[in-house]
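Notebook open, model loaded. I'm jotting down what I look up as I go.

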Amino acid sequence: MSASSLRARVRSEMSQEIKAVARRHLATDGADLSLRAVARDLDIVASALYRYFPSRDALLTALIIDAYDDLADAAGAAESAVPRDDLRGRWLAVCRGVRDWALAHPAEYGLIYGSPVPGYAAPEDTVEPATKVILLLAAIVADAAPPSADLPSALHDDLHRLIAGRGSTMPEDQLDRVLVAWTHLYGVLNFEVFGRLDSMIEARSDYFDHHMHLMADLAGLPT
């Protein structure tokens, strides 16, 4: 292995170790990360972290992108296991995959769908990872090709702009249905992950599936 390759490998491994420690702090301290605390756990001086992440925000961005990618991988793996012609089954698989990941990784879920981190503004490179799940749902709805519906003209224009920006040909009313279902998915999940359903709903899986079926109906997927 060349010296440059060895340095790249060491850098990659150290970056992964830093992120692993930072994730543990997310679980105990929330998203307002302290680089000093991370460095202390790694038994290095805080200034050494800046060789890998130039700021707290850069570390947060790396964690956010990792979380979005992991979430999308989980949803995609669940969806890929369902036959292509079972559109509702694919839809439910995506939604259940998102839920399973969220419940297994509540700190990371809170980082991307919880309260905004004070003083942090997500950069442009978080946008593409953040759209992966909604694009997966949109692809299922596109395969179903539900009947068209009228939209208010201003909303139609907004949706057309979003579609044109991605070079897509999806009808605006289909994207509208996907957006509503997507926001409902995370609304239901937020209540569960952040304890809002405690003392209210015990049959959590049934409750979740019931709402995802309602959203599948809204999206125009066949039963």
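Looked up lysine 19 first. Is lysine 19 buried or exposed? Lysine 19 counts as buried because its relative accessibility is 8%; buried means under 20% relative accessible area, exposed over 50% and partly exposed in between, with a 1.4 Å probe and protein chains only. I find lysine 19 in helix H1 (residues 3–29). Helices here are DSSP runs of H or I with at least four residues, strands are runs of E with at least two, and both are numbered from the N terminus. Leaving aside neighbours within four places in sequence, I see lysine 19 in contact (heavy atoms within 4.5 Å) with Phe53, Leu59, Ala62, Leu63 and Asp66.

Confidence check. This is a predicted model, where local features need pLDDT of at least 70, side-chain atom pairs count only at pLDDT 80 or more, and totals for chains, interfaces and linings use all residues. Residues are numbered from 1 along each chain as its sequence is written, and side-chain values use heavy atoms, with hydrogens and water left out. The protein chain has a mean pLDDT (the predictor's confidence in each residue, from 0 to 100) of 92, and 97% of its residues reach 70 or more. Confidence is lowest in H1, with a mean of 84, and highest in helix H5 (residues 87–104), at 98.

Next, the core. The largest nonpolar core has 64 residues, of which Trp91, Val133, Tyr186 and Leu221 touch the most other members. Such a core is a set of buried Ala, Val, Leu, Ile, Met, Phe, Trp, Tyr and Cys residues joined through side-chain atoms within 4.5 Å. I clicked on leucine 221: not counting residues up to four places away in sequence, leucine 221 touches Leu87, Arg88, Trp91, Ile140, Val141, Ala144 and Ala216.

Then helix pairs. The axes of H4 and helix H8 (residues 132–144) come within 9 Å and cross at roughly 25°. Axes are lines fitted to C-alpha atoms, for helices over the stretch in contact, and angles run from 0 to 180 degrees between N-to-C directions. I'm noting H4 as roughly parallel to H8, since angles under 35 degrees count as roughly parallel, over 145 as roughly antiparallel, 65 to 115 as roughly perpendicular and the rest as oblique. Asp69, Leu71, Ala72, Ala75, Gly76 and Glu79 in H4 meet Lys132, Val133, Leu136 and Ile140 in H8.

Last entry: helix H9 (residues 153–165) packs against helix H10 (residues 172–193) at about 90°, with axes 9 Å apart. That makes H9 roughly perpendicular to H10.
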